[in-house]
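I opened this entry to keep track of what I looked up, in the order I looked it up. The structure goes here, and the notes follow.

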Number of protein chains: 2
Amino acid sequence: MNLKELSQNLGLSQTTVSRALNGYPEVSPATRARVEEAARAFNYRPSTRAKGLATGQALAIGHVIPMSSKHEMVNPIFGDFIAGAGETYARHGYEMILSIVDDKNETSVYQGLKSRRAVDGVIVHGPRMNDTRIPLLAKLGLPFAVHGRASGCTVPYAWLDVNNRSAFERATKYLYDLGHRRIALLNGLEDMDFAHRRRDGYMSALTAQGLSVDTSLMRSGEMTELSGYGATREMLARPGAPTAILCSSLISALGVRRAIEEKGLVMGKDVSVITHDDVLSYLKNGEEVPIFTATRSSVRDAGRKLAEMLLQAIANPEAAPCSELLEAELIVGASTGPAPRKD
Amino acid sequence: MNLKELSQNLGLSQTTVSRALNGYPEVSPATRARVEEAARAFNYRPSTRAKGLATGQALAIGHVIPMSSKHEMVNPIFGDFIAGAGETYARHGYEMILSIVDDKNETSVYQGLKSRRAVDGVIVHGPRMNDTRIPLLAKLGLPFAVHGRASGCTVPYAWLDVNNRSAFERATKYLYDLGHRRIALLNGLEDMDFAHRRRDGYMSALTAQGLSVDTSLMRSGEMTELSGYGATREMLARPGAPTAILCSSLISALGVRRAIEEKGLVMGKDVSVITHDDVLSYLKNGEEVPIFTATRSSVRDAGRKLAEMLLQAIANPEAAPCSELLEAELIVGASTGPAPRKD
DNA sequence: AGCTTCATCCAAAGCGCTTTGGGAACTGAT
DNA sequence: ATCAGTTCCCAAAGCGCTTTGGATGAAGCT
């Protein structure tokens with residue numbers, strides 16, 4: 001069923017039917033009701049493509065998911081972020097279109113989305129330091145919003161980020177206050193912006209307390225269970241082992257715990273652990289009592305909000321780019337406790 | 001830059017330019033070269049919407065991700081599956097459009113995709129027993145392919161599935177051969193088709209060996225770390241505790257391991273564990289030596305292949321629906337060993 | 001009555017592409 | 001020189017919608 005058929009069925013012009021369905025005022029209430037009724041009966045929905053062609057909008061948002069060609073790895077937070085964003089799009093009648101792209105082809109994918117007029121805007125995932133995508137998108141004139149930030153980018157842009165610096169600063173301080181002096185950091189990949197900020201927060205808290213930064217207690221890499229396990233195991237085996245570990249993801253925290261327990265130590269007593277928790281739906285941090293003390297911030301919420309911001313920006317192209325900095329909660333769970341006394 | 005401008009620039013008609021770019025023969029090689037050169041120079045790409053309107057194709061595939069409204073849970077395998085499918089789409093010039101839908105609205109979402117002509121076909125995720133989506137899609141006449149199968153659905157349809165039954169049958173038999181007699185099953189949600197098949201395989205292997213099925217050793221639910229932990233902990237505390245556990249996901253297997261180790265037991269010695277492993281990029285089952293003995297089948301591969309099947313079906317609407325049954329590998333890792341001797 | 005105003009509706013153009021149905025120019029054969 | 005057959009190109013229609021610029025008639029006013 002298309003507009004033409006529907007209007008013929010009703011004995012009306014396409015103009016009138018279109019206007020009736022789109023809420024324009026030049027249609028009598030009686031006619032509008034009749035049209036809406038018929039549309040429902042015939043299960044009519046305007047073709048997105050035709051509508052898009054006519055209006056010049058795509059009614060779609062692009063999500064370009066970077067996949068490191070090295071690691072063939074999809075960010076595990078991606079599913080929940082998308083779920084949040086999807087809610088927003090559904091509410092606004094937008095579609096979400098997804099491209100999985102290895103980092104080499106990124107430029108051409110963004111150009112393609114722009115020149116094929118496939119989307120009205122894009123969400124940028126996983127920003128790196130000095131991310132080249134941001135100036136590129138600005139140059140292309142394709143509206144965009146970034147999940148995170150990119151230190152070093154000078155053009156203004158819309159973003160939504162967790163205050164990673166403050167979260168890790170507070171977490172470090174919390175461990176310090178519990179008496180810990182040898183605090184390790186298991187961070188994400190170095191060139192990711194969030195990892196950089198977390199390290200900043202960590203180091204700033206250490207120095208604020210007059211502690212020196214010990215690079216032998218710092219690791220960065222992909223955040224897998226194994227990497228958490230391996231790093232912890234190795235650190236605990238050495239002299240000067242940490243009494244507390246700050247960890248960037250719940251997945252690697254599972255590995256951290258395993259290494260601790262394998263050594264016959266008790267998490268929260270012999271070694272304290274704080275992890276960042278993105279509140280992933282398939283990886284809950286305990287039920288009532290959190291297993292891990294964590295800096296918590298829901299990535300699904302972030303998806304919802306960032307999508308909203310982007311739609312705003314598209315509707316309102318003149319406005320200056322918005323941004324939002326979410327504070328992570330520091331929730332106390334069973335994985336932290338006072339530093340063990342040296343006897 | 002659009003076709004009109006490009007063709008004016010070249011002093012050619014739109015027809016000729018279109019044909020040159022789409023590989024039609026009625027264009028001289030010289031002209032074609034000139035056109036292609038100009039298209040590259042101006043970074044011209046045809047508008048997907050316009051092209052779709054003109055050809056009647058959407059050049060897009062829909063992925064409708066069901067989200068249980070109860071659990072607000074996105075399937076963790078989803079990211080990797082999508083990554084695989086995305087590769088295929090990119091190669092064929094298709095777009096992937098995603099809808100996250102809670103189970104209540106499913107029907108209207110599929111109808112919408114169909115009547116708005118937004119996609120050429122859809123992938124059905126997470127089929128349940130007697131899944132209503134399959135007859136619905138068949139009725140709508142929207143091409144589709146299912147990741148998994150739906151027992152009880154009588155209409156023919158295209159699908160790709162892991163042989164869950166045989167995988168769990170073999171895994172159970174393997175444990176039996178190692179001397180295990182009390183083998184537990186931690187399964188996914190009961191109404192999911194794959195869970196049903198895995199249980200079948202498990203029970204069939206038990207009875208084939210003359211063992212009776214002990215329902216107190218069977219659990220089903222969402223596959224989280226916590227559920228694996230909780231179920232294992234509880235089972236190990238009881239008399240008649242299992243000496244081996246068959247587990248439906250690597251995530252819950254992590255919980256299983258934790259419960260085992262917490263009790264001071266050694267995985268692979270006191271308690272053997274086999275898990276299904278979807279080869280998720282962010283959750284590798286060890287590096288050289290697998291941590292867990294596992295039934296392994298790459299979900300990313302499944303995404304690639306199923307997308308290919310769907311595109312085939314769309315290109316060739318007359319053909320009978322294809323299907324493919326992938327056998328999972330049974331890979332031996334460190335988590336299994338002979339059943340402990342009762343002294 | 002004659003005029004202006006509304007309230008409703010419609011025909012037709014246009015969005016950017018593909019595709020149909022020719023048309024010119026050039027070949028080679030008669 | 002004529003004619004059919006190629007080769008290469010083009011004008012225009014059409015995909016399904018929105019939107020512009022009226023048209024029509026009823027109602028209100030002088």
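Predicted model: local features only at pLDDT ≥ 70, side-chain atom pairs only at ≥ 80, totals over all residues.

I then looked up burial: 54% of the 343 residues of chain A count as buried. Chain A has 12 helices and 12 strands. Along the principal axes, its C-alpha atoms fill a box of roughly 95 × 45 × 35 Å.

**Sheet across both chains**

Which order do the strands of the 12-stranded sheet take? I read 11(A)-5(A)-4(A)-3(A)-1(A)-2(A)-2(B)-1(B)-3(B)-4(B)-5(B)-11(B). The sheet is open and its pairing is mixed. Strand 11 (323-326) of chain A and strand 11 (323-326) of chain B stand at the edges. Each has a single partner strand, so one side of each lacks a neighbour in the sheet. From one strand to the next, the twist averages 20°.

Strand 5 (residues 158-162) of chain A runs parallel to strand 11 of chain A, and 4 bridges join them. A:Asp161 has A:Leu325 of strand 11 as its bridge partner.

On the chain B side I looked for a helix over the sheet. Helix 7 (residues 133-140) of chain B lies across strand 1 (60-67), strand 3 (121-124) and strand 4 (144-147) of chain B. It runs at about 165° to strand 4 of chain B.

**Six-stranded sheet, chain B**

This open sheet has the order 7-6-8-9-10-12, again with mixed pairing. Strand 7 (218-220) and strand 12 (329-331) of chain B are the edges; each has a single partner strand, so one side of each is left without a neighbour in the sheet. Neighbouring strands are turned by 15° against each other on average, direction ignored.

Strand 10 (residues 293-296) and strand 12 of chain B run antiparallel, joined by 3 bridges. Within strand 12, B:Leu330 is the bridge partner of B:Thr295. Next I noted the helices. Helix 11 (residues 250-262) of chain B packs on the sheet and touches strand 6, strand 8 and strand 9 of chain B. Its direction makes about 165° with that of strand 9 of chain B. Helix 9 (residues 193-208) of chain B lies across strand 6 (183-187), strand 7, strand 8 (244-247) and strand 9 (272-277) of chain B. Helix 9 runs at about 170° to strand 6 of chain B.

**Salt bridges**

I counted 43 salt bridges over all chains.

B:Lys173 pairs with B:Asp177, the closest N and O atoms being 3.0 Å apart. The two are 4 residues apart in helix 8 (residues 164-177) of chain B, which means about one helical turn between them. B:Lys173 is partly exposed at 35% relative accessible area.

B:Arg219 pairs with B:Glu234 at 2.6 Å between the closest N and O atoms. This pair links distant parts of the chain, 15 residues apart: B:Arg219 in strand 7 and B:Glu234 in helix 10 (residues 225-237) of chain B. Both are partly exposed, B:Arg219 at 23% and B:Glu234 at 33%.

B:Glu329 pairs with B:Arg296, with 3.5 Å between the closest N and O atoms. Here strand 12 and strand 10 of chain B are linked, by residues 33 apart.

**Two buried arginines, chain A**

What lies around A:Arg133? A:Arg133 is in helix 7 (residues 133-140) of chain A and is buried at 1% relative accessibility. Its contacts include A:Pro66, A:Glu106, A:Tyr110 and A:Val124. A polar atom of its side chain lies 3.0 Å from the backbone oxygen of A:Gly126. Salt bridges that share partners join A:Glu106, A:Arg128, A:Asp131 and A:Arg133 into one network.

I moved on to A:Pro66, in strand 1 (residues 60-67) of chain A. A:Pro66 is partly exposed at 21%. Its C-alpha atom is 7.7 Å from that of A:Glu106, 40 residues apart along the chain.

Last, I checked A:Arg32 in helix 3 (residues 29-42) of chain A. A:Arg32 is buried yet has no salt bridge. The nearest side chain of opposite charge, A:Glu36, is 5.3 Å away, and a salt bridge needs the atoms within 4 Å. A polar atom of the A:Arg32 side chain lies 2.5 Å from the backbone oxygen of A:Tyr24.

Note on methods: Residues numbered from 1 in each chain as written. Chains lettered and ligands numbered in written order. Heavy atoms only, no water. Buried < 20%, exposed > 50% of the residue type's maximum accessible area, 1.4 Å probe, protein only. Lys, Arg positive; Asp, Glu negative; His and termini not counted. Polar contact = N/O pair within 3.5 Å; in protein donor to acceptor, adjacent residues only side chain to side chain. Pairing = 2+ DSSP bridges. Axes fitted to C-alpha atoms, helices over the stretch in contact; angles between N-to-C directions. Contact = heavy atoms within 4.5 Å. Lists of a residue's contacts leave out its neighbours within four places in sequence.
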